[in-house]
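Dear colleague,

Please find below the structure that I am handing over to you.

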Amino acid sequence: MSLPPVLQNSLEIPVVGSPLFIVSGPELVIAQCKAGIVGSFPALNARPEPVLEEWIIRIKTELAEYQAANPDKKVAPFAVNQICHSSNNRLMHDMEVCTKHEVPIIITSLRPPAEIVEAAHSYGGKVFHDVINVKHAKKAAEQGVDGLILVCAGAGGHAGTLSPFALVREVKEWFDGTILLSGAISDGFSVASALALGADLAYIGSRFISTEEANADQAYKEALQKYAADDIIYSNLFTGVHGNYLAPSIADSGLDPNNLPVADKSKMNFGSGGNMKQKAWKDIWGCGQGIGLIDDAPPVADLVARMKAEFDEAREQFNAKAS
C-alpha cells in the first residue's frame with residue numbers, strides 16, 4: 001500500500017469518508033475520525049467564511065482530547081475539500097485558513113491548482129485530487145498531488161463513467177502515489193474489493209449520509225434506505241457537471257428524471273442549481289449506485305465497526321479460496 005505517514009497506523013479500515021455538500025459537518029467528521037477512518041468536509045459547508053476556522057479548531061481540539069483519553073485507539077486525520085473553480089471566490093481565503101491550522105489532508109476538486117499543492121506541502125500536508133479519467137489524472141500528477149481519487153461509474157454526486165477495473169489498473173501503470181477508489185462502495189466487502197483491485201483506500205460518501213451524525217434531512221436518509229441502483233439518474237443539469245442523483249427527488253421537484261435537458265457546462269454553479277428553483281444537494285439529492293445496501297441510519301462508530309467486520313471476513317474468504 002502507498003500510504004503517506006499521516007495515514008499509517010491511524011486507520012481501523014482503509015476508508016476515507018468523502019466530503020458531502022451540506023451533509024458533512026464537524027459532528028460527522030469527528031465521529032468518522034474517532035471511528036478510525038478519515039473524515040472530511042467541503043470548506044464551502046462552513047458559512048459564513050469565519051466559520052471554517054471555528055470548525056477546524058473544534059475538530060482538531062476534540063480529536064486531540066479523544067486521542068489523549070484513549071491512547072490505544074486509532075484516531076484518523078481529517079481532510080478539507082477545496083472546490084477549485086472560478087465560481088469559488090473563497091478558495092484562497094479558505095486555503096490560507098487551512099494552511100494556518102495545518103490541515104493534514106486537502107482534497108481538491110475540478111482543477112488541481114499548483115498553488116494549493118504548494119500551500120499544503122509548505123507545512124507537510126497532503127493533497128488528494130479527484131479525477132474521472134486518465135487525462136485529468138495525469139494533469140493532477142503533473143501538479144504534484146500526493147494522491148488521486150478515481151471517481152468511477154456509480155459514484156454519488158459528480159462522477160465519471162469508467163469502470164474501476166479500467167481506471168485503477170491504467171493509472172497504476174504510471175502513478176506511484178496514493179490511489180483512492182470511489183464508486184458504489186457501501187460495505188466492508190466492497191472496501192476489500194477496492195484494495196484487491198489495487199487501490200490504497202476506499203472513498204465512501206453515500207453510505208455516511210444515512211448515519212446519525214450526518215447533517216441530512218430525515219427524508220433524505222429514509223430515501224437512501226428505500227431506493228436502489230435502478231433509481232439513480234446521471235445528469236449534468238443541476239450543476240453543469242455530470243453526476244448521479246436520486247430520481248425520486250428529481251420527480252418531487254417537478255421534473256421528469258427520464259427526460260432532463262442538458263446543461264451548459266460553461267455555466268457551472270455548484271450548489272445553487274443556476275437559474276432553477278431546484279437546488280442541487282438540497283432539493284436534488286446526490287447519491288451513488290451502492291445505496292441498495294443501505295437499510296438503516298446507525299451511529300458512525302457502529303457503521304465503521306460493521307464495515308471492519310465485513311472487511312476482515314472478505315479477506316478471510318479470499319485467503320481461503322487462494323489457498
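**The sheet**

I107 stands opposite F128 in β5. Strand β4 (residues 105–109) and strand β5 (residues 126–131) run parallel and are joined by four bridges; strands count as paired if DSSP finds at least two bridges between them. Strands here are DSSP runs of E with at least two residues, and helices are runs of H or I with at least four, numbered from the N terminus.

Please note that the model is predicted, that local features need pLDDT of at least 70 and side-chain atom pairs pLDDT 80 or more, while totals for chains, interfaces and linings use all residues. Residues are numbered from 1 along each chain as its sequence is written, and side-chain values use heavy atoms, leaving out hydrogens and water.

β4 and β5 belong to an open sheet of eight strands with parallel pairing, in the order β1-β9-β8-β6-β5-β4-β3-β2. Its edge strands, each pairing on one side only, are β1 (15–17) and β2 (39–42). From one strand to the next, the twist averages 25 degrees. Angles run from 0 to 180 degrees between N-to-C directions, and axes are lines fitted to C-alpha atoms, for helices over the stretch in contact.

**Helix α7**

Helix α7 (residues 188–197) packs on this sheet and touches β1, β8 (178–182) and β9 (201–204), where contact means heavy atoms within 4.5 Å. The direction of α7 makes about 135 degrees with that of β9. Its buried residues are G188, S190, V191, A192, A194 and L197; buried means under 20% relative accessible area, exposed over 50% and partly exposed in between, with a 1.4 Å probe and protein chains only. Among the elements covering these residues are α6 (164–171) and α11 (300–322). Just after α7, G198 takes a positive phi of about 125 degrees.

**Residue L3**

L3 lies in the segment before β1. With a relative accessible area of 16%, L3 is buried. Leaving aside neighbours within four places in sequence, L3 is in contact with Q8, T178, D200 and L201.

**Helices α2 and α3**

Helix α2 (residues 50–69) packs with helix α3 (residues 91–100) at an angle of about 25 degrees, their axes being 10 Å apart. L52, E53 and I56 of α2 meet D94, V97, C98 and K100 of α3.

Yours sincerely
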